[in-house]
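Please read the following explanation with the model open beside it, and follow each residue as it is named.

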Amino acid sequence: MKPILSKAQLDYMKAKNAFENRAKVMEKEIAAKRALQEITQEVMEELVQATGFHDAYNDLVSAENALIEWSHTTIKHEKTYRENRGAIDAMYENVNASPEKRQELIQLSMKIR
């Protein structure tokens with residue numbers, strides 16, 4: 001049986017897949033350009049825009065933020081949250097302290113049912 005996911009979880013999965021697909025397209029475009037010319041910052045910026053990578057990245061960050069916010073709101077109803085409120089709130093406040101902490105919180109948010 002498939003788990004029932006929230007809208008925030010579904011939106012995150014959709015944005016992550018779109019971002020990964022755009023990254024693959026961009027990698028192919030970079031490889032093709034590299035065969036013809038040097039990859040300068042200007043060329044890279046053009047590829048980022050032309051492949052839709054920039055928009056996919058922005059959509060992914062927005063979906064991650066919505067997922068994190070949703071998970072924080074959702075866990076407030078759990079007994080564990082009430083018992084460890086200070087530590088959990090501090091974790092959410094410092095979500096952007098490092099990419100590793102942010103990714104860990106996103107992974108935990110995806111496990112909430």
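**Salt bridges, core and helix packing**

Being four residues apart in helix 1, Asp 11 and Lys 7 are separated by about one helical turn, where helices (H or I, at least four residues) are DSSP runs numbered from the N terminus. Their side chains meet in a salt bridge with an N to O distance of 2.7 Å, the term standing for a side-chain nitrogen of Lys or Arg within 4 Å of a carboxyl oxygen of Asp or Glu. Asp 11 is partly exposed, with a relative accessible area of 34%, whereas Lys 7, at 62% relative accessibility, counts as exposed; buried means under 20% relative accessible area, exposed over 50%, and partly exposed in between (1.4 Å probe, protein chains only).

This is a predicted model, in which local features need pLDDT of at least 70 and side-chain atom pairs count only at pLDDT 80 or more, while totals for chains, interfaces and linings use all residues. Residues are numbered from 1 along each chain as its sequence is written, and side-chain values use heavy atoms, with hydrogens and water left out.

By the salt-bridge rule the count comes to four. One of them joins Glu 83 and Lys 79, whose side chains meet at 3.7 Å, N to O; these two residues are four apart in helix 4 (residues 79-83), and are therefore separated by about one helical turn, and both are exposed. Another salt bridge is formed by the side chains of Arg 102 and Glu 64, at 3.1 Å, N to O. Arg 102 lies in helix 6 and Glu 64 in helix 3, so the pair ties together parts that are 38 residues apart in sequence. Both Arg 102 and Glu 64 are buried.

Arg 102 is also among the residues touched by Ile 68, which, not counting residues up to four places away in sequence, reaches Tyr 92, Val 95, Leu 105, Ile 106 and Ser 109 as well; contact here means heavy atoms within 4.5 Å. Ile 68 is one of the residues with the most contacts inside the largest nonpolar core, together with Tyr 12, Phe 53, Leu 67, Ile 75 and Tyr 92, and this core has 25 residues. At least two residues of this core come from each of helix 1 (7-36), helix 2 (41-50), helix 3 (53-75), helix 5 (85-93) and helix 6 (99-110). A nonpolar core is a set of buried Ala, Val, Leu, Ile, Met, Phe, Trp, Tyr and Cys residues joined through side-chain atoms within 4.5 Å.

How do the helices pack? The axes of helix 1 and helix 3 come within 8 Å and cross at roughly 155°, which makes helix 1 roughly antiparallel to helix 3, a description used for angles over 145 degrees. Axes are lines fitted to C-alpha atoms, for helices over the stretch in contact, and angles run from 0 to 180 degrees between N-to-C directions. The residues of helix 1 that take part include Asp 11, Tyr 12 and Phe 19, and those of helix 3 include Phe 53, Glu 64 and Leu 67.

Gln 9 is buried, with a relative accessible area of 1%, and its contacts beyond four places in sequence include Leu 67, Trp 70, Ser 109 and Met 110.

Definitions and conventions:
Angles under 35 degrees count as roughly parallel, over 145 as roughly antiparallel, 65 to 115 as roughly perpendicular and the rest as oblique.
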